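Thanks, everyone. I'll take a few minutes on pockets and then on one pair of helices. Please have the structure open.

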Amino acid sequence: MKSLIKNIGILYGIQPIEKKRLTGNDIKTVTHIENAWLSFENGRITGFGNNTSLPELSHFEEIIDAEGDTVMPGLIDSHTHIIFPKTREEEFKMKIEGKSYEEIAAAGGGILNSAKAMQNMDSEDLFNTAMQRIQDCISMGTVAFELKSGYGLTTETELKILEVATRIKKLNLFHTKRTLLGAHALPPDYKQNRTAYIDKVKTEMIPLAIQKELVDYVDVFCENGFFTPEETEDILTIASQSGLKAKIHVNQLSVSGGVQVGVKCGALTVDHLENIGQAEIDILSGSSTMPVALPGCSFYLNMPYTPARAIIEAGLPLVLASDFNPGSCPSGNLLFVWSLACIKMKLLPEEAFNALTLNAAAALELQDELGSITIGKEASLLFFKPKTTLALIPYHFSMSKPNLVMIRGKFRS
Ligand code: NIG
Ligand code: FE
């Protein structure tokens with residue numbers, strides 16, 4: 001079906017198809033057209049322009065009146081743990097009373113708490129609760145999701161989570177990428193035998209997930225008290241021999257050596273980066289690995305923010321994502337992430353927008369499908385009322401909300 005959106009107040013986020021990831025001056029710029037139209041067919045953009053070039057309406061089977069709205073590409077969440085068994089608000093209280101993230105984990109909370117609850121969780125419930133969270137995120141502007149496992153920590157349960165992720169992917173409503181995070185925490189019964197667990201990740205989880213076609217990427221939590229850089233390299237090497245690229249958790253709580261391992265192993269992204277210095281920035285500069293900042297996690301844990309300004313000034317393609325999970329960031333609201341990036345990390349609204357759209361698409365290898373207003377890409381769009389400057393959206397922190405969300409040409413919220 002041929003569709004036309006007319007009467008767009010302002011259309012943001014136009015990019016040529018050659019732009020795959022944005023750095024330098026490009027990340028500081030958002031191109032727009034005032035008083036615009038956009039056409040699409042079979043969910044993909046076929047044209048756009050100023051009203052002076054409005055096509056003949058009779059050529060279209062569907063006409064959508066944007067009534068002067070602001071329209072922009074949908075946001076992309078390249079880092080989520082959205083498939084989780086239950087919320088952990090008891091830890092929220094411990095945190096308020098002064099316990100650190102590490103102390104809560106050491107007291108049996110944290111990832112192990114979720115992993116315990118996950119063992120008996122019915123797949124149907126897991127699917128339904130994840131879909132409810134996804135729908136909430138869509139209504140706040142997210143149009144594509146990464147889905148990690150990592151709350152299973154047994155081969156059977158990690159695969160159960162990836163099966164749920166695959167069921168969501170097969171609905172084919174929006175783009176998803178599935179990431180195996182078997183090395184998220186060491187299960188207590190492997191305390192005396194770390195190598196046996198790492199072997200299980202390498203020889204059972206990775207091969208079975210690939211064989212059953214349940215996985216797109218591999219992840220490791222490379223951190224003091226979790227997995228060392230050597231163990232991370234060991235797992236990533238096996239993954240890469242099987243054709244799986246890495247997206248890894250690094251330098252969240254300490255200068256862990258994770259950035260170095262990620263770059264050495266050709267990771268697609270290194271995520272968190274709250275604790276990095278010039279050495280890590282220099283290493284990233286000589287690589288194609290993308291840096292991903294998760295300011296919602298810093299906000300919730302009251303911890304340092306990733307030095308995103310320095311990352312951008314070094315000419316790197318910064319990505320922003322939510323890290324939606326029950327322990328360190330119980331929110332998947334990327335519009336709030338946009339505000340945090342501006343308020344706490346001193347990014348300009350345009351820089352944060354580019355880090356949440358085209359660069360975020362590249363962090364999931366979806367840069368040819370999503371992330372900008374470009375002919376041939378998907379018509380996955382946000383409509384905001386009324387016509388507004390880009391800055392007004394992050395400025396109204398926690399207040400901004402799209403009035404309509406379109407994914408592949410269909411309104412989903
Ligand atoms: O990205 N850092 C490791 N994993 C999650 C937290 C998981 C949890 O606490 O449940 C994160 O912050
Ligand atoms: Fe995470």
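Before any volumes, the term: a pocket here is an open set of grid points with protein on both sides within 12 Å along at least five of seven lines. Also keep in mind that this is a predicted model.

By that definition, the second largest pocket holds about 210 Å³ of space. Its lining comes from 13 residues, and those nearest the centre are L112, A115, P187, P188 and D189. Sorted by class, that lining has six nonpolar, five polar and two charged residues.

Now the largest pocket, with about 400 Å³ of space. Which residues lie nearest its centre? They are A105, A106, L112, G225 and F226, out of 19 lining residues. Two elements give two or more residues to this lining: α3, residues 101-106, and α4, residues 110-119. The classes here are nine nonpolar, six polar and four charged.

Next, the helix pair. Helix α13 covers residues 334-345 and helix α14 covers residues 349-356. They pack at an angle of about 140°, and their axes are 9 Å apart. Because of that angle, α13 counts as oblique to α14. The crossing of the two is right-handed.

What makes the contact? From α13 there are L334, V337, W338, A341 and C342. From α14 there are P349, A352, F353 and L356. By class, the contact has nine nonpolar residues, no polar and no charged.

That's the end of my part.

Technical notes:
Residues numbered from 1 in each chain as written. Chains lettered and ligands numbered in written order. Predicted model: local features only at pLDDT ≥ 70, side-chain atom pairs only at ≥ 80, totals over all residues. Heavy atoms only, no water. 1 Å grid on protein atoms, 1.4 Å probe; cavity = no way out; pocket = protein on both sides within 12 Å on 5 of 7 lines; lining within 4 Å. Points joined across faces, edges and corners; volume = space filled by probe spheres on them. Helix = DSSP H or I, 4+ residues; strand = E, 2+ residues; numbered from the N terminus. Nonpolar A, V, L, I, M, F, W, Y, C, P; charged D, E, K, R; others polar. Axes fitted to C-alpha atoms, helices over the stretch in contact; angles between N-to-C directions. Parallel < 35°, antiparallel > 145°, perpendicular 65-115°, else oblique. Left-handed = near helix turned anticlockwise from the far one by under 90°. Contact = heavy atoms within 4.5 Å.
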